[in-house]
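User: I have a model open and want to know what backs up the terms used for it. Can you take me through them?

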Amino acid sequence: MRRVKSISDSKRQLITLYLTVLGMYAIPALFSAPFRSVQNATNILNQAAPIGFVALGQTFPILIGGIDLSVGSVVSLTTALAAVYMATSGGIFTGVCLCLFAAAVVGLVNGLVINKLRVEPLIATLGTTGVVSGITLAIMPYPGGYVPSGFTNWWSYRVFGFFPLAFVYFLVGLLICHLILNFTRFGRRVYALGGDEHKASVAGIKVKRIKMGVYVLSSVFASIGGLALAARMRSGDPLAGNPFTLSSIAAVIVGGTSFTGGVGGVIGTAAGVAIMGLLSVILNIYGISPFFQNVLAGLIVVAAVVFNSIRSRSILQAKGRQ
Amino acid sequence: MENRRCLLKMVDVAKSFPGVKALDGVNFSLEEGEIHALVGENGAGKTTLMNVLGGVLKPDSGQIFIEGKETDISNPLVARELGIAFIHQELNLIDELSVMENLFVGNEPVTRKKTIDWRAMEQRSLEILEKLGLDLDPHQIVRRLPMSLKQMIEIAKALVFEAQIIVMDEPTSSLTEGEAEILFKLIKNLKSHGKGIIYISHRMEEIFELSDRITVLRNGSYIATKDTSSTNHDELVALMIGGDPGQHFHKDESLRKDVVLDIRNLSGHDLVKDITLQVRAGEILGIAGLVGAGRTELLETVFGIYPPRKGEISFLGKPFKPSSPRASIKAGIAYVPEDRVAKGLFLDFDLYENIALVKSERDAIYGHTHLPKMRTEMNPVIGTMGIRTPSPRQQVKNLSGGNRQKVILARWVYAGMRVLLINEPTRGIDVGAKSEIYQLLKRLNREGVAIVMVSSDLSEIFGVSHRIAVMHEGRIVAVYDADQTDRQQVLSNMTGLIHSKV
Amino acid sequence: MRISVVRKLGRTGLIYISLVIVLCVLLAASGILIPDTLKATHLLEIARQSVPLGITSLGQTLVILSGGIDLSVGEMMTLANIVGADLMRGKDEMALKAILVVSLLGLVLGGINGWVIAQTDVPPLVMTFGMGSIVKGAYLLYCGGAPKGSVSPILRTLGSGRLGIVPISPLLFLGLFGVLLFFSKRTTWGRSTFYIGNNSKAAYYAGIPTKWRLVLIYAISGLMAVFSGLILSGYIGIANFSVGGDAYNMNSVAAGVVGGNTFNGQGGLGGAVLGSLIITLLTSLMTSLGIGQAGKSVMQGVVITLMVALYTSQTDLVGKLKRFYKERGRRHVPQ
């Protein structure tokens with residue numbers, strides 16, 4: 001039987017994304033000595049880890065056509081918990097477990113509100129954000145606390161002297177997410193659900209269970225991102241996570257995962273994280289106002305979504321629909 | 001047919017809904033390697049019978065034997081386990097996934113370590129695709145595939161769980177002729193593998209090309225089962241129609257006046273090809289045709305939903321370009337869609353709001369509107385339309401189908417119009433409300449409104465229209481005066497057997 | 001008698017009455033806990049405090065009713081403060097020009113939100129979130145990171161002045177509310193907001209130019225946000241980044257939603273007013289009880305989620321309210 005092996009659209013998109021990443025690193029590196037430096041590379045990788053984890057998690061809800069606005073608050077909560085408990089009650093391990101457990105509870109609450117109260121994900125997670133931020137402020141009203149070096153060393157150690165361990169963890173997380181999405185029934189059902197919830201449930205998929213899992217995963221990964229952030233800051237900050245919500249959505253969208261669900265994946269998200277991260281480093285190095293970066297971030301997110309939506313609409317038109 | 005295993009036998013199946021006998025003593029059987037066509041007009045009971053087979057509906061009486069064993073099909077999952085697969089008009093494929101993932105969705109093969117066994121999935125997909133003679137890459141994403149291939153993937157899905165009985169409900173309704181040919185080859189291929197196929201279709205030529213036997217239903221009753229080789233088209237149509245002359249309403253010819261809407265060589269949407277039609281004030285022009293013949297698309301083109309590409313429309317003697325629904329409404333064209341919930345009603349709002357909005361949108365000066373004042377104007381309209389509701393403040397979602405339809409009609413009556421395009425006016429509406437709606441249409445005729453009515457119900461087409469236009473694959477193939485033709489002729493035109501231009 | 005009154009009120013009326021009762025209970029509670037709070041001056045102060053949130057939620061509520069959400073309002077408010085104060089530099093003669101420029105900015109930026117949302121399938125959440133980021137960057141660039149200028153005396157009077165004991169800004173708010181109420185009830189442009197939210201396809205089939213109406217709705221939301229930013233500037237007096245911001249995004253959505261507005265076009269602007277009063281009162285009550293930002297934040301989250309859950313059709317709040325008001329012998333409603 002003859003089979004035409006063609007590069008699928010999604011692969012082509014990934015190649016484009018990674019070529020963009022490569023270009024965004026290589027071209028400035030040609031012209032700028034500080035950009036070429038090992039120190040800069042280490043910095044970029046180090047900064048990518050926290051947002052990277054959060055974006056990995058965010059990929060799941062967006063894949064099923066939902067959204068998780070509570071990830072930022074989970075990041076803050078995690079830094080606060082880490083800074084308060086690791087130093088006082090001593091146990092680094094128990095501290096980490098506590099953070100992850102708290103995040104899993106947040107995810108469960110999100111899932112329950114969405115499944116049982118039938119509140120749309122946007123509002124459900126917005127509501128959770130309020131509750132989680134409040135709890136965080138109760139735990140730690142002002143930035144401070146102390147994350148013991150026994151913990152931070154586990155993140156800041158440089159493999160071969162330049163490669164931060166934090167980024168190694170991110171790569172492991174990326175691999176795990178990729179495996180979950182592509183080699184488990186759960187992962188494949190995430191895609192099916194994102195493609196068409198009704199048809200998926202007709203095919204016998206337990207939709208609510210999948211949703212629950214998705215929001216728990218998203219929350220737990222946000223918490224790992226929070227741990228990475230806490231290790232970098234060496235302290236806690238009840239507001240540090242706020243920008244992570246938008247940035248994570250941005251990275252996921254730029255990475256080619258579509259808001260309509262069912263299309264995309266974490267490999268793209270990783271590229272999205274890299275693109276957004278490199279962008280801000282480049283703008284910094286060329287002395288472009290950090291304020292302009294706000295504008296650019298907003299423009300890029302909107303442009304990425306508009307681009308995706310126009311593309312999917314042209315597919316519909318090709319089918320002869322309205 | 002001798003010595004073949006009997007896959008399915010349904011004996012004396014009956015099912016009633018409140019007020020209607022949907023099935024009354026129906027017999028049906030299916031053998032290994034057989035294509036058994038099920039025919040009948042809309043409402044004859046084909047869908048109900050298949051829903052009984054699929055475990056969606058529970059029969060009131062009668063027995064079902066699967067491979068000789070009496071079985072109680074209590075829910076759709078049981079049907080699936082018994083090896084009964086349904087291929088509906090509406091496909092159940094997830095566009096974003098690949099071919100093979102669609103084949104195995106919800107039933108993914110896993111290795112011993114509980115991870116997805118991609119190799120097994122690919123292998124089995126290839127086997128199944130090969131069995132069907134489909135040259136398809138299992139990794140291909142479904143979205144871009146043509147309808148015909150999607151249909152075949154749906155059929156392949158049936159093979160994944162080794163279905164023996166495959167029910168196909170109008171599988172060709174959205175296929176082109178070439179695509180249908182490929183599908184037929186595949187169906188014959190399935191037959192040669194010993195599958196039993198129940199084939200529901202309105203298209204006679206397909207039925208004669210494919211089937212071994214044909215069972216005719218009419219008004220929920222079992223009429224006959226014929227060997228395809230021993231019957232012909234005319235006999236079949238006669239069996240479907242029976243002696244039923246249809247309800248004939250008194251049609252007042254004197255109401256017909258000048259041409260209001262004059263469509264010449266209109267093309268636009270893929271299913272609107274070179275349409276030429278005239279509609280007169282005070283008449284009802286019925287448009288008959290199969291699902292997918294382009295009837296809805298024609299109405300929606302005139303209403304401004306789909307852009308016209310070629311041809312002219314003149315409305316009240318002046319050239320008219322339907323650029324948007326707003327423009328059409330301003331000109332005096334009204335449209336009552338077939339899907340009243342999706343395209344027509346605001347379910348959470350009351351009758352007043354649902355009725356007032358068209359007029360207030362059209363007539364507002366600088367956007368000013370006065371709903372309280374309009375309410376008093378609307379009360380008589382609601383009264384004359386005979387909408388049964390405890391109060392006009394009732395949310396429309398609490399109304400029955402017939403009353404909902406009347407609300408949409410009231411909207412246009414209140415706004416005033418010259419042409420009413422109405423799509424499936426009585427679908428899902430009970431008998432009593434049906435005749436009330438016909439009366440309303442007639443009243444509109446008297447007031448000089450020209451009506452274009454699309455309907456799948458031939459009794460309705462013959463019952464109320466002055467003239468009948470028949471559409472087939474995007475074209476008008478015939479236009480008759482209603483008393484100059486009969487159902488047989490129209491049915492033949494609809495199914496594409498006779499092409500006669502009038 | 002009572003039964004027919006309940007029926008006549010309908011969904012919105014029932015919700016409004018319940019909200020007024022909630023408001024009274026809150027007032028009573030605060031009166032019992034902290035006796036001073038029931039004085040007229042304190043009540044008027046609450047009214048004044050609720051104005052910026054109230055104005056923002058008027059626009060936000062229109063957007064919610066149309067089925068969307070506007071998360072750019074917080075930054076629009078800040079934009080109004082930064083640009084407005086810079087243009088005025090404390091001079092009255094520049095005030096009109098500044099107000100006009102800022103209003104135009106709000107209209108145009110909001111309109112862009114609406115246009116992109118109507119033209120593409122971009123979710124309103126993303127578009128307005130992105131717009132918020134753009135606006136933030138834009139005003140930071142505009143002032144170079146250091147806000148300059150101050151508000152002119154006229155605007156100060158509008159923001160913090162009083163007529164006798166009555167603060168002026170609530171009167172302005174009532175004026176805006178009146179205008180928008182008229183817009184939402186007596187103009188087809190406003191009515192269509194509800195229809196688009198309930199069934200945008202049916203709205204299109206009924207001859208409503210849905211795209212342009214969305215542009216209008218988001219433009220109004222932008223305009224209300226900058227108005228609110230100006231009023232708040234008038235109270236604060238100088239250019240300051242702390243005017244507006246994220247809190248207003250969440251609170252304006254909360255106020256709209258608490259006021260009984262759903263994303264499918266059910267509700268009305270009156271709910272937004274009641275909602276913002278309740279949220280302001282609750283916040284102020286918590287403040288006087290010494291409950292910090294933490295408790296307030298939790299309260300907001302819980303209130304948003306529970307209210308939406310209650311108002312969604314599945315949980316049938318209206319049915320519950322009807323039973324709550326002891327309506328008996330209800331007629332059978334055919335499904």
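Analyst: Below, one residue and one interface of this predicted model are set against the definitions.

User: Why is B:Thr369 called buried?

Analyst: B:Thr369 has a relative accessible area of 7%. The cut-off for buried is under 20%. B:Thr369 is therefore buried.

User: Where in chain B is B:Thr369 found?

Analyst: In the loop between helix 12 (351–363) and helix 13 (371–385).

User: What does B:Thr369 touch, leaving out residues up to four places away in sequence?

Analyst: In chain B, B:Ser360 and B:Met374. From chain C come C:Lys185, C:Arg186, C:Thr187, C:Thr188 and C:Arg191.

User: What makes A:Arg188 and B:Glu101 a salt bridge?

Analyst: The closest N and O atoms of A:Arg188 and B:Glu101 are 2.6 Å apart. The rule asks for a side-chain nitrogen of Lys or Arg within 4 Å of a carboxyl oxygen of Asp or Glu, so the pair qualifies. Across the interface of chain B and chain A, the rule finds three salt bridges.

User: How do you know how big the interface of chain B and chain A is?

Analyst: Interface size is often given as the accessible area lost when the parts come together. Here the buried area is about 2600 Å², with 51% from carbon and sulfur atoms. In residues, 35 of chain B are in contact with 28 of chain A.

Key. Residues are numbered from 1 along each chain as its sequence is written. Chains are lettered from A and ligands numbered from 1 in the order in which they are written. This is a predicted model: local features need pLDDT of at least 70, side-chain atom pairs count only at pLDDT 80 or more; totals for chains, interfaces and linings use all residues. Side-chain values use heavy atoms; hydrogens and water are left out. Helices (H or I, at least four residues) and strands (E, at least two) are DSSP runs, numbered from the N terminus. Buried means under 20% relative accessible area, exposed over 50%, partly exposed in between (1.4 Å probe, protein chains only). Contact means heavy atoms within 4.5 Å. Buried area is the accessible area (1.4 Å probe) that two parts lose on being put together, summed over both.
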